[in-house]
Amino acid sequence: MKRFVLKGTIIYCKSKEELAAVDGGYAVCEDGICRGVFETLPERYQSFTLKDYGSCLIIPGMTDLHVHAPQYTVCGYAMDLELMDWLNAYIFPEEAKYHDLSYAKTSYQVFVQDLVHSPTTRLCAFGTLHTEGTLELMRQLEEAGFTGYVGKVSMDRNSPNTLRETDGAEALKGWLSQCNFKHIRPILTPRFIPACSDRLMAEIGELQAQTHLPLQSHLSENPIEIAFVKELCPDADFYGDAYDRFGTFGTNGSTIMAHCVYSDEAEIARMKENNVYVAHCAESNFNLSSGIAPVRRFLDAGLHMGLGTDIGAGTSVSMFRSVKEAIIASKMYWRLIDSRQKPLQFSEAFYLATRGGGSFFGKAGSFEDGFDFDAVVIDDRKIRTPLPKDPVNRLERVIYADDCRTVIDKYIQGRQVICG
């Protein structure tokens, strides 16, 4: 049994609007579960091993709710293109290389090693359609100590022949039979409607109904993509309805939809009804000229939501950047699109990166009693200033500096992941 206490300047969300900050506080872990944060360590925990981090910040681990691991190799390439042209010119050719297991091993090593030094503790990741390569990604993440979901991508149309499957359901079942990892679990991953035939989507819906596995995909990201979906699925009432007709929109299990930039009231209502999670990826939406998601509308509607880096249209594995870009995007939405939709507060964006995305895993992303003990230790002394700062000011500077070198230690369900 692992019983220990971390001491430092502890910051976490009690709600979307309220940040709790305890300078010189104690965060207690008992067998991978948080027992709370205290200003003075209770006597019942004084026998636990104490790790004193001095003045370092200690925050809950962050969840990357949407990341394409194989795209890390071309991260930031061709950001002058829009989504569909970018996929065809760069992403599909790159992902086709992952049929070579040696290439997959080397590429995923870079991704996982950089992820270790980031504030991410949990993630929902896309692999490629290659079984062995996707298992390799899962293996490396497991060995590095992460908790999360990884999906073998399903696609059988509107893509190169090297990235099409004729036996998608059987390939999925073969992959699932080999997913024997403790902390990295499988997630069904139809790439998006343009790349998946009706037959494939129906098979995935049936498989989810049988297995109750979670599912991840893309929704209403880019105008050209949306127009393509309308052409392919003329009977669907909206993009999300094209998924829902196959039971893959929260009907048969937990579902994450990335982006949702152009989700209208009908789509938002369906997401609310079906408990669909939104993965907001602001930087990616900027880089591919997709637009700005109406995050305030999602929050006001009570949707489940977290943040994603969306590597490789996002340009960093740092969830610090995702928090910052989410705030910036909300300001631009308020200024340029709808002045009634107030920008995100810092506490709200931090909530989305921690407790919001973490809730996809259950109780994760907070230091309240009963939550999984995920923690990130930050030494912000490299971010120099002559001014005294309160704990929240310090955290804001870390987020906006977006410097993963400040991450010196990390704990995931009580398991220590050395970052320094």
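The side chains of Glu-265 and Arg-297 meet in a salt bridge with an N to O distance of 2.5 Å, a salt bridge being a side-chain nitrogen of Lys or Arg within 4 Å of a carboxyl oxygen of Asp or Glu. This pair links distant parts of the chain, with Glu-265 in helix α8 and Arg-297 in helix α10 (residues 295-301), 32 residues apart. Helices (H or I, at least four residues) and strands (E, at least two) are DSSP runs, numbered from the N terminus. Glu-265 counts as exposed at 52% relative accessibility, where exposed means over 50% relative accessible area, buried under 20%, and partly exposed in between (1.4 Å probe, protein chains only). The model is predicted, local features requiring pLDDT of at least 70 and side-chain atom pairs counting only at pLDDT 80 or more, while totals for chains, interfaces and linings use all residues. Residues are numbered from 1 along each chain as its sequence is written, and side-chain values use heavy atoms, with hydrogens and water left out.

The structure holds 23 salt bridges in total. In one of them, Asp-241 pairs with Arg-270, the closest N and O atoms being 3.0 Å apart. Because Asp-241 lies in helix α7 (residues 239-244) and Arg-270 in helix α8 (residues 265-274), the pair ties together parts that are 29 residues apart in sequence. Both partners are buried, Asp-241 with a relative accessible area of 5% and Arg-270 with one of 19%. A salt bridge also joins Lys-97 to Glu-94, again with closest N and O atoms 3.0 Å apart; here Lys-97 is partly exposed at 40% relative accessibility, whereas Glu-94 is buried at 5%.

Strand β2 (residues 19-30) and strand β3 (residues 33-38) run antiparallel and are joined by four bridges; strands are taken as paired if DSSP finds at least two bridges between them. Ala-27 stands opposite Val-37 in β3. Two residues separate the strands of this hairpin, and Asp-31 adopts a positive phi near 55 degrees.

Helix α13 (residues 391-401) has Pro-391, Arg-394, Leu-395, Val-398 and Ile-399 as its buried residues. They lie on the same side of α13, because they cover an arc of only 135 degrees around the axis, the arc being that of the directions from the helix axis to the C-beta atoms. Just after α13, Asp-402 has a positive phi of about 50 degrees.

Ser-366, in the loop between α12 and β15 (375-378), is buried with a relative accessible area of 0%. The side chain of Ser-366 reaches the backbone nitrogen of Glu-368 at 3.3 Å.

Helix α11 (residues 319-336) contributes the largest share of the patch, three residues. Ile-337 is placed in the loop between α11 and α12 (346-358) and is exposed, with a relative accessible area of 51%.

Definitions and conventions: Polar contact = N/O pair within 3.5 Å; in protein donor to acceptor, adjacent residues only side chain to side chain.
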